[in-house]
Amino acid sequence: MSDIKKIKDDYLGKLSCELNLDEVNQIKIELFGKNGLISNSFKELGSVQSEDRKKFASDLNFIKDELQEKINSKIQEIEINEINSKLKNEKIDVTLPERDINQGKIHPVSQVIDEISSIFSEIGFSVEEGPDVENQHYNFTALNTPDNHPARDMHDTFYLDDKKELLLRTHTSPVQVRTMLKSKPPFKIIAPGRTYRSDSDQTHSPMFHQVEGLHIDKDINMGHLKGCLNYFIKEFFEVDKIQMRFRPSHFPFTEPSAEVDIGYELKDGKIVIGEGDKWLEILGCGMVHPNVLKNVNVNPDKYQGYAFGIGIDRLGMLKYGINDLRAFFDTDYRWLNHFGFDPLDVPSNYRGLSR
Ligand code: PHE
């Protein structure tokens, strides 16, 4: 009996020291394992004199329970300590200064393309795309601009081969041709994209952006063209009233053709659209030439309509007060930070898809 009392005292002593989980498990084995001290004491029960056996058994059970309880509470204590120290070490220090995060911005040209697409899609235009590398047929010939036509020189084309077969498209008008060739009328599309001409100054860059518009149906006339452009300009500049001027012009692929100016005034050095007596050219347009329709197998006696080509960069410069076109393409991070748009900002005239 004194043996097991000693075992108990020894082990209660051990269990009150600082221990880790492995050490407690080791004690558990020493006491209750197959050859553990307590397990062996139970085995000895049979050899104890019968008059003492009852007391020995009850004492032994008592000691066993006490040790087991101590072990369990020790394990619990270790686990709680572990959780507490984790909480202590892993807590977020809110007093730390924030990390410097470089968030990207949407380029003004991308923003303007999104705005233009959303305005035109509201009035039934879908969006088409064409390649930047075109062949001279789509860029000129199919658009009623034959080989010796002076417009070919006017465009200051970047040719990509000696035969002048491949080129960087000088306007988005070839997308008219591609669109009409691949399906049947009616057509009501816009085609935004990059265009190229060998030209560079404050308002010209060798790469710039246009958006083409094309609406062909049985009875589309110049009145529809005016209405559509008037609506677009008002929505884009977010004004109720604009002044618009159609100046007679010439494009081989439209007849009649016009260039469109919008009225503006300078207030404190800033451009204000819709008022004043100054004019700014923003697009070319006209009624699609019957020869173009013939070239894409559309019968000009049955179908007619308008086309336009708007300078996207110029619209962006006007709306967002940017005065040098070349800055658009300088990839200057500070400029982008200033003129760029937050990715989560929805264009002010975007009304969602449900409308
Ligand atoms: N493609 C013409 C240009 O780049 C613009 C235009 C498009 C004119 C469609 C008429 C019709 O100048």
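Modeller: One term before we start: a polar contact here is a pair of N or O atoms within 3.5 Å. And keep in mind that this is a predicted model.

Biologist: Fine. Which atom of Arg197 lies 2.9 Å from an oxygen atom of the ligand?

Modeller: A polar side-chain atom of Arg197. Gln210 also places a polar side-chain atom 2.9 Å from a ligand oxygen. With Ser173, a side-chain N or O atom is 3.0 Å from a nitrogen of the ligand.

Biologist: And how much of the ligand does the protein bury?

Modeller: 93% of the 330 Å² that the ligand exposes when taken alone. The ligand takes up the space of the largest pocket.

Biologist: Which residues come nearest?

Modeller: There are 14 residues around the ligand, and the nearest are His171, Ser173, Arg197, Gln210 and Gly309. By type, the shell has five nonpolar, seven polar and two charged residues.

Biologist: Which strands supply at least two residues of that shell?

Modeller: β5 (207–217), β9 (278–288) and β10 (304–311). β10 gives the most, with three residues.

Biologist: Switching topic: how do β7 and β8 run, parallel or antiparallel?

Modeller: Antiparallel, with four bridges joining β7 (residues 254–267) to β8 (residues 270–273). Leu266 has Ile271 in β8 as its bridge partner.

Biologist: What about the hairpin, which residue takes a positive phi there?

Modeller: Asp268, with phi near 50°; that hairpin of β7 and β8 has two residues between the strands.

Conventions
Residues numbered from 1 in each chain as written. Predicted model: local features only at pLDDT ≥ 70, side-chain atom pairs only at ≥ 80, totals over all residues. Heavy atoms only, no water. Near = heavy atom within 4 Å. Polar contact = N/O pair within 3.5 Å; in protein donor to acceptor, adjacent residues only side chain to side chain. Areas by Shrake-Rupley, 256 points an atom, 1.4 Å probe, with all protein chains shown as cover. 1 Å grid on protein atoms, 1.4 Å probe; cavity = no way out; pocket = protein on both sides within 12 Å on 5 of 7 lines; lining within 4 Å. Sits in = over half its atoms within 2 Å of the grid points. Nonpolar A, V, L, I, M, F, W, Y, C, P; charged D, E, K, R; others polar. Pairing = 2+ DSSP bridges.
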